[in-house]
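Biologist: I would like a close look at one part of this model. Please start there, then connect it to its surroundings.

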Amino acid sequence: MHWLYQQGDSSTNLYLVQSGLVRLTQVMPEGDEVLVQLVGPGEVFGYSSLVLNCPSSTSAQTVQRTRLMQWERIRALELIQSIPRTTFNLFRIAVRDVVYF
């Protein structure tokens with residue numbers, strides 16, 4: 001297992017899982033670690049910190065051998081601005097995550 005970032009880090013990357021599995025967790029004020037989401041192939045994560053430009057509210061750790069695509073904040077924002085469909089897709093993912101959370 002490999003840590004991609006920890007809760008509270010200034011994570012400025014957008015990730016796409018190509019293969020494998022990533023576990024997103026959050027430590028609650030009481031100290032309990034809660035599983036927020038398992039992210040699998042074709043799914044994106046890291047977008048909330050990227051868009052809001054704030055510390056990450058979750059920690060991300062690979063659960064098994066995982067292959068990722070990663071974009072730094074500046075490149076991800078360039079993609080969002082130059083390809084309108086990207087904005088729609090990220091918005092759709094964010095809404096889905098809020099609804100299912």
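Modeller: I will begin with a hairpin and then move to the rings, a surface patch and a helix.

This is a predicted model, so local features need pLDDT of at least 70, side-chain atom pairs count only at pLDDT 80 or more, and totals for chains, interfaces and linings use all residues. Residues are numbered from 1 along each chain as its sequence is written, and side-chain values use heavy atoms, with hydrogens and water left out.

Look at strand 3 and strand 4. Helices (H or I, at least four residues) and strands (E, at least two) are DSSP runs, numbered from the N terminus. Strand 3 and strand 4 run antiparallel, and six bridges join them. Two strands count as paired if DSSP finds at least two bridges between them.

Now look at the side chains. Arg 23 and Glu 33 form a salt bridge, at 3.0 Å from N to O. The term means a side-chain nitrogen of Lys or Arg within 4 Å of a carboxyl oxygen of Asp or Glu. Arg 23 belongs to strand 3 (residues 22-27) and Glu 33 to strand 4 (residues 33-39), so the pair ties together parts ten residues apart in sequence.

Leu 35, Leu 38 and Val 63 make up a nonpolar patch, with about 240 Å² of accessible area together. Patches are made of residues with over 30% relative accessible area and no salt bridge; like charges are joined within 9 Å, nonpolar side chains (Val, Leu, Ile, Met, Phe, Trp, Tyr) within 5 Å. The areas come from the Shrake-Rupley method with a 1.4 Å probe, and for residues only the protein chains shown count as cover. Val 63 sits in the loop between strand 6 (59-62) and strand 7 (67-72). Val 63 counts as partly exposed because its relative accessibility is 34%.

Next come the rings. The whole structure holds three aromatic pairs. One of them is Tyr 15 with Phe 45, stacked at 4.8 Å centre to centre with 10° between the planes. Tyr 15 lies in strand 2 (residues 13-19) and Phe 45 in strand 5 (residues 44-45), so this pair links parts 30 residues apart in sequence. Rings of Phe, Tyr and Trp (its six-membered ring) pair if their centres lie within 6.5 Å; planes under 30 degrees apart are stacked, over 60 edge-to-face, and the rest tilted. Tyr 15 is buried at 3% relative accessible area, and Phe 45 is buried at 2%.

Finish at helix 2. Salt bridges number two by the rule above. Arg 75 and Glu 78 form one, at 3.4 Å from N to O. They stand three residues apart in helix 2 (residues 73-82), which means about one helical turn between them. The buried residues of helix 2 are Ala 76, Leu 79 and Ile 80. They cover an arc of only 100° around the axis, so they lie on the same side of helix 2. That arc is taken from the directions from the helix axis to the C-beta atoms. The face turned away from the buried side carries the exposed residues Ile 74, Gln 81 and Ser 82.

Methods
Buried < 20%, exposed > 50% of the residue type's maximum accessible area, 1.4 Å probe, protein only.
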